[in-house]
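This briefing concerns one protein model and is intended for use beside its sequence and coordinates. Please consult the display below while reading.

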Amino acid sequence: MAEDAPLIILDLEHIQESKAEEKPAMGDIFADRVSSLMKHRDVDSVLADQQHILDNLEMMNEKLKFLNMISQSRYEASVTAFRFHMRLLSNVKKDLDSVFRRIRTLKTKLGSQHPEIMAEVQDKYAIHISDDDD
């Protein structure tokens with residue numbers, strides 16, 4: 001079966017010659033006419049300006065990446081310090097609540113054991129014993 005099939009050989013030179021004989025596409029004609037209207041010096045100037053802007057933008061992008069890295073590291077350090085201080089403040093609050101609860105308990109005991117002295121102290125120093133200081 002393979003022996004009976006005709007061989008197809010592509011002649012690349014013939015294909016290229018036939019393309020050269022074809023009319024140019026409308027897009028090519030339009031591009032040629034537009035390029036003939038422009039001065040090449042102006043185009044080169046625009047391209048140079050665009051390259052300069054691109055270089056500046058790439059440099060700014062690198063600077064922003066560096067700034068983001070610094071900001072991220074400082075943010076992480078700040079978060080760590082903030083968490084440490086929050087735990088510290090929470091522990092201090094618990095300790096102060098415990099101390100004030102003990103002081104109220106002692107005041108109440110002393111007030112019940114020595115009511116006359118507590119009344120004198122309250123009159124002298126204007127101390128108000130109340131349970132709603134929580």
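The points below cover the fold, the confidence, the surface and the salt bridges.

This is a predicted model, in which local features need pLDDT of at least 70 and side-chain atom pairs count only at pLDDT 80 or more, while totals for chains, interfaces and linings use all residues. Residues are numbered from 1 along each chain as its sequence is written, and side-chain values use heavy atoms, with hydrogens and water left out. The protein has 4 helices and 0 strands, and its elements run α-α-α-α from the N terminus on.

**Fold and confidence**
- Helices (H or I, at least four residues) and strands (E, at least two) are DSSP runs, numbered from the N terminus.
- The mean pLDDT of the protein is 83, and 78% of its residues reach 70 or more; pLDDT is the predictor's confidence in each residue, from 0 to 100.
- Where pLDDT is low, the predicted coordinates should not be read in detail.
- Helix α2 (residues 26–37) has 12 residues and reaches 17 Å from its first C-alpha to its last, close to the 16 Å expected at 1.5 Å a residue; the expected span is 1.5 Å times one less than the number of residues.

**Burial and surface**
- Of the 134 residues in the protein, 1% are buried; buried means under 20% relative accessible area, exposed over 50%, and partly exposed in between (1.4 Å probe, protein chains only).
- Helix α2 is hardly covered, with 0 buried residues among its 12.
- The protein exposes about 13,200 Å², of which carbon and sulfur atoms supply 61%; accessible areas come from the Shrake-Rupley method with a 1.4 Å probe, and for residues only the protein chains shown count as cover.
- F84, L88, V92, L96, V99, F100 and I103 make a nonpolar surface patch of about 590 Å².
- Such patches are made of residues with over 30% relative accessible area and no salt bridge, with nonpolar side chains (Val, Leu, Ile, Met, Phe, Trp, Tyr) joined within 5 Å and like charges within 9 Å.
- Within this patch, L96 lies in helix α3 (residues 40–113) and is partly exposed, at a relative accessible area of 42%.

**Salt bridges**
- The count comes to 2 salt bridges, each being a side-chain nitrogen of Lys or Arg within 4 Å of a carboxyl oxygen of Asp or Glu.
- K65 and E62 form a salt bridge at 3.9 Å, N to O; both lie in helix α3, 3 residues apart, about one turn of the helix.
- K65 is partly exposed at 45% relative accessibility, and E62 is partly exposed at 49%.
- K93 and D97 form a salt bridge at 3.0 Å, N to O; both lie in helix α3, 4 residues apart, about one turn of the helix.
- K93 is exposed at 52% relative accessible area, whereas D97 is partly exposed at 36%.
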